[in-house]
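This report covers selected features of one protein model. Please look at the sequence and structure first.

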Amino acid sequence: MGKGLGFLILIALCTLICEAAIFRPISDSHRSAALELFTPKHGSFKSLNETYKALRTFNVLGIGQQPDIKAATCKSVADTLRSPSSALKDLFQALRVNGILKCELNKETFAGIASKLKHSVNSASSLIDYYYSVGSLVLIKGQTSEVDVHLGDADSVFRAIKALSQSDGRWRYSSNIPESSTFAAGIALESLAGVISLASSEIDHSLISLVNKDISKLLDGVEKYDDGSYYFDEKLVDAHGHPSPLSASSAVVRGITAFGTASDEDLNLPGDKILGLARFFLGVGIPGNAEDLFYQLDALASLENNRVSIPLILSLPAAVLSLTRKDQLKVNVNTVLGSAAPSLSVKLKQIFSSGSKDASIIDQDLKFDPENAVHFLDALPENIDVGSYIFSFEIVLHNPEDKKVYATGGRTKVPISVTGFIKVDHADVAVLDSDLGNVETQKRLDLAGENTISLSANHLQKLRLSFQLTSPLGHAFKPHQAFLELIHESKVEHIFVVGNSGKKFEIILDFLGLVEKFLYLSGRYDIQLAVGDAVMENSFFLPLGSIELDLPEPPEKAARPPPQPVDPSSRFGLKAEISHIFRAPEKRPPKELSLTFLALVLLPFVGFLVGLLRLQVNLKNFPKASAPATFAFLFHLGIAAVLTVYLLFWLKLNLFTTLKALGFLGIFLMFVGHRTLAYLASSSAKLKAA
C-alpha cells in the first residue's frame, strides 16, 4: 500500500510538470532522435525521398556529423537526372537531394531536364504534376544560374492552379476529383509561390489578392485545442491513405510561408494562429517515426525562416517552484528552433489560482539576465501559497519594426506548481467509549518522527485520529490523499479516507458498525497513515503503531476472509533441505565364506571346459575364408552378447529392457547364423560330391 500511495503522488507531480512544459523549442533530444530514426543501410537510404527527409532534418537541427552517404547518393542523383525515363516525382526528389549535397552535375544535365519540366508544366492536368514540375524548376534555379527556367506564360499556369481552389480555402487535386483537401492546399500554395519566382514578368496582383483571400479562408477553418494550439485536419482519404494532422498542417505551413516569401504583398495573417500552429508542432514532442519527425521539423523551419510571421515561444526552465528553497521564477523566450529572440520585455500580468476564476492583478516586469538570456522574478508575490496556479505573461517587443516580423500571440498562460513544507501538528489518536464518547485512552503522535503506539479496544468502542495541516502562509491545506490504513496480522487490509474541516483532519472508526467489514477478525491491527500531495514537499506514509481489537465471534453465514495471494518466491523458490535416514545395512557373512561360495559356483564351468578337452573338441570345421569366418565370429559374439544380457538382467535390467535387447540380438543372430550355416552346408555338399 505504501508503494501504491507513493506512486500516485509521483504521477500527480509528473502530470503537473508535463502540463507546465507543453511548448518548448527544439532541444538536443530531437537531435538524438534524428540520428536514431534516420540510419542509412550499406551507405545509403532506401530512396531519394527518404534521403532528402534525413538530410533536411539534419540541416534543420544543425547536426554536423552526418552519415557519409554522399558518394552513393550522388551517383543515384546523377543517374536519375540523366535518365530519359525518370518520372517527375523522381526528378523532383533528386533535385531536392542535390540542393543539399551539391553533387557535381554539368550544365547539360540541368538544361536537359529543364526543357522536359517546362513541357510538363504546359501539359500538366493535375495539381501533383504542377507541384513536381514547378518545384523542380525552382530547385534548378537555386542550383545553377546557367540554365533558363523562367516561365513565359506564368499567368496562365497561375490561373490553372488557382482554378482548382475551393470556397473554403482548400484545393482539389484535379478537375476530375470533386473532393477538396487541406494537404492539397499546402502543395498548391507552394506551387503558386514557385510560379511567382519563375515568372518572366510580374504576376497579376488581382490573382495574388485572390490567393490571399483563400489563405484567410483556410485559416478560418483551422482546428483548435484547449491549450491554444491550432492544427489542420485532413478529411479526404486519397490513394496514400488518410494524411495525419501533422502532415496536413506541415504542408499548409510550408505553403503559406513559401507564398508569403515569394509575393510582395502583406498577407496580414493573425499572429495568434501562427503562434498556435507553432505550439501544435512543438506540443507533439519527439515523434516516434522518421516521417513525423521530418514533418514537424520542416514546418518549424518554415516558421523560423519566413517573412510572414516568426512565432516567439515563451517557456519556463522549471515549472515547479519551491517556497522552501525560495526559487526564482525564470522565463525563456526563443524562436521555435531555439534561436535568440529580439529585444523584448516579459510582463507578469495575472496569476490565476487553479480551480478559481479569480485572478490577482500583478502587471510586473521581469528582469533580464543578458548573460544567461533569461527573464526572472526575484521573488514570488507575497500572497502566493502552495498550490497550482496559472501565470499569465505578455511579451512586449521594444522595436516597433519587430512587431511586423514576430508573432507573440498576446498573453501566454502557463501552469505553474508552487510547492512548500506543510506544517503537521496537533496529532493524536484516542480510543473512545461508544455510548458517551468519553476518551478512555489518548496518545500524542509525532508525525515528523517515529511512532510506536499500542492500543486496545473492543467492538463497543471507537478509534479517533486527528491532526492539522497548515500551509507556509498559515492557511488550511487539503492534500490530494489522506488515508488511514488498518492491516490485520493475516494481511487483510482496510483503508479509510480521512476527512477534514478547515485545518483539522479527523476520522472516527466505530468498530460496532465495522465488525462485518473487519470480517469479525480479532487480533492485532497495524495502523498506518498516508498524507500526500504534488505540492507537499513533506508527504509521508508512516506506521503509527498497532491496536488490539476484540471482536465478537462470527455468525455461521458471515463472510470469510479472502484467501491471501501466494508469494511466487515461496512456491518456486528454494525448498528446505530434506535429510533422509536410511535403514542400517543387514549383517553380511564373512569374506572367506563368500569367496568359497564363488569357487563352488565356478567349479561346474571348469568341469565343462575339462569335458570339452576330454571329448577332443576341435575347430576344424570353422570357416577359413575371410567372409564366412567373419560371419562365424559374429555369430559366436552374438551368443556371448545374449549371455551377457542374461547376466545384466539378473543384476539390474528390467524385463522390458531385456526383451528389447534380445529382440535386436535375435535378428542379428538369425542373419549371421544363417550365413554361417549356409557356408557349412555348401562345404559339406562339395565334399560328398567329390
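Arg254 and Asp298 form a salt bridge, with their closest N and O atoms 2.9 Å apart. The term requires a side-chain nitrogen of Lys or Arg within 4 Å of a carboxyl oxygen of Asp or Glu. This pair links distant parts of the chain: Arg254 sits in helix α11, Asp298 in helix α13 (residues 290–304), 44 residues apart. Helices here are DSSP runs of H or I with at least four residues, numbered from the N terminus. Both Arg254 and Asp298 are buried. Buried means under 20% relative accessible area, exposed means over 50%, and partly exposed lies in between (1.4 Å probe, protein chains only).

The model is predicted: local features need pLDDT of at least 70, side-chain atom pairs count only at pLDDT 80 or more, and totals for chains, interfaces and linings use all residues. Residues are numbered from 1 along each chain as its sequence is written, and side-chain values use heavy atoms, with hydrogens and water left out.

## Other salt bridges

The whole structure holds 20 salt bridges. One of them joins Arg325 to Asp327, with the closest N and O atoms 3.0 Å apart. Arg325 counts as exposed because its relative accessibility is 57%.

Arg524 and Asp526 also meet through their side chains, at 2.8 Å from N to O. Arg524 has 39% relative accessibility, so it counts as partly exposed. Asp526 is partly exposed too, with a relative accessible area of 28%. Elsewhere, salt bridges with shared partners join Arg56, Glu190, Arg254 and Asp298 into one network.

## Thr57

Thr57 belongs to helix α3 (residues 48–61). Its relative accessible area is 1%, so Thr57 is buried. Which residues is Thr57 in contact with, leaving aside its neighbours within four places in sequence? They are Ala34, Phe38, Leu293, Phe294 and Leu297. Contact means heavy atoms within 4.5 Å.

## Cavities

Rolling a probe the size of a water molecule over the atoms shows where empty space is left. On a 1 Å grid over the protein atoms alone, a cavity is a set of points where a 1.4 Å probe fits but cannot get out; lining residues have an atom within 4 Å of a point. Grid points are joined across faces, edges and corners, and a volume is the space filled by probe spheres set on the points. The count comes to two cavities of 30 Å³ or more.

The largest cavity has a volume of about 60 Å³. Its lining includes Val253, Leu269, Leu303 and Asn306. Two elements give two or more residues to this lining: α11 (245–262) and α12 (271–283). Helix α11 gives the most, with three residues. The lining divides into seven nonpolar, three polar and no charged residues.

The second largest cavity has a volume of about 30 Å³. Gly260, Glu265, Asp266, Leu267, Arg307 and Val308 line the second largest cavity. They divide into two nonpolar, one polar and three charged.

## Helix α17

Helix α17 (residues 626–651) has 26 residues. At 1.5 Å a residue it should span 38 Å, and its end C-alpha atoms are 37 Å apart, which agrees. The expected span is 1.5 Å times one less than the number of residues.

The buried residues of α17 are Pro628, Ala629, Phe631, Ala632, Gly638, Val642 and Val645. They pack against α18 (655–689). An α-helix has 3.6 residues a turn, so residues three or four places apart point the same way.

Terms used
1 Å grid on protein atoms, 1.4 Å probe; cavity = no way out; pocket = protein on both sides within 12 Å on 5 of 7 lines; lining within 4 Å. Nonpolar A, V, L, I, M, F, W, Y, C, P; charged D, E, K, R; others polar.
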